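Hi,

Here is the model I promised to pass on.

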Amino acid sequence: MTDEDVIRRKLLIDGDGTGDDRRLNVLLKTFIKWTNTKDSPIDSLTMQDRMFSQLTQCEYAFTKSRMVAKMSSSELQNYENLSKQISFDIEKSKQDIEGTKDEFQKAKTVRKNRVEYGVLANVINEQPDRKQTDEKLTQLKKELQSLEEQSNQLDSKLELRRKQFHVLIASIHQLQALLESGDRPADDSLDVFDDEDMDILSRKAESDHMEVS
């Protein structure tokens, strides 16, 4: 079986097909018929023109299909580029979001610090300044020194009063003893006072006189 018989049988079994396949099949059938038929030159030329017309249609369909395929490939490349750009933009947006989160956290920290600083500043402003504090401290030191001096004076005065009281008590006891022993002369009563006692009584009298003045 020759190749021509194989093609002819295939065409008979498969039919003409559709679209571009049908054009090619029709062209092939016409070509086989033209080669196997002995027509007049006019009929042969007519069939030849028909085959050229069919061939032109096939070439047009092929060119159209090739252009469509090229456009599809170009569109596919555009879609791939667009997909890459979208992926890049998504990744960049994620990074921007992370950066915004960090900035937001920093802003919250700054705001918190400002509030704390404001409260601390109000507390500081409510306190007196250092100059006033130093002046008040100096005044308090002077008052404390004056009180210490007064306390020392009172202690000295109290000690003097204590000594005078002891001398007075001793004198009373001695006078009482003299009164109870009526045998001793009256001049002996002067012996109960020594020089120190007389000095203490003298200073007491002067102190009482100054207080009265």
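UniProt, in an unreviewed entry, lists residues 130-164 as "coiled-coil region"; its positions are in the numbering used here, feature names are shortened, and such annotations may be inferred rather than shown by experiment. In the model, that span is 100% helix and 0% strand, and its end C-alpha atoms lie 50 Å apart. Helices here (H or I, at least four residues) and strands (E, at least two) are DSSP runs, numbered from the N terminus.

Some housekeeping before the rest. This is a predicted model, where local features need pLDDT of at least 70 and side-chain atom pairs count only at pLDDT 80 or more, while totals for chains, interfaces and linings use all residues. Residues are numbered from 1 along each chain as its sequence is written, and side-chain values use heavy atoms, with hydrogens and water left out.

On the overall picture: the chain has 5 helices and 0 strands, so to speak α-α-α-α-α when read along the sequence. Of its 213 residues, 8% are buried, meaning under 20% relative accessible area, with exposed being over 50% and partly exposed in between (1.4 Å probe, protein chains only). The accessible surface comes to about 18,600 Å², and carbon and sulfur atoms hold 57% of that; areas come from the Shrake-Rupley method with a 1.4 Å probe, and for residues only the protein chains shown count as cover. Among contacts (heavy atoms within 4.5 Å) between residues at least 6 apart in sequence, 52% join residues at least 24 apart.

Now helix α3, residues 41-126. Its 86 residues reach 124 Å from first C-alpha to last, close to the 128 Å expected at 1.5 Å a residue; the expected span is 1.5 Å times one less than the number of residues. The buried residues of α3 are M47, M51, Q54, C58 and A61.

There is also a nonpolar surface patch made of Y79, L82, I86 and I90, with about 400 Å² of accessible area together. Patches take residues with over 30% relative accessible area and no salt bridge, joining like charges within 9 Å and nonpolar side chains (Val, Leu, Ile, Met, Phe, Trp, Tyr) within 5 Å. I90 sits in α3 and is partly exposed, at 43% relative accessible area.

What about salt bridges, and how many are there by this rule? The rule is a side-chain nitrogen of Lys or Arg within 4 Å of a carboxyl oxygen of Asp or Glu, and the count comes to 2.

- K92 pairs with D96, with the closest N and O atoms 3.4 Å apart. Both lie in α3, 4 residues apart, about one turn of the helix. K92 is partly exposed at 42%, as is D96 at 41%.
- E159 pairs with R162, with the closest N and O atoms 2.4 Å apart. Both belong to α4 (residues 130-180), 3 residues apart, again about one turn. E159 counts as partly exposed at 35%, and R162 does too at 36%.

An α-helix has 3.6 residues a turn, so residues three or four places apart point the same way.

Lastly, α4 has 51 residues and reaches 74 Å from first C-alpha to last, close to the expected 75 Å. The buried residues of α4 are Q164, V167, S171 and L178.

Cheers
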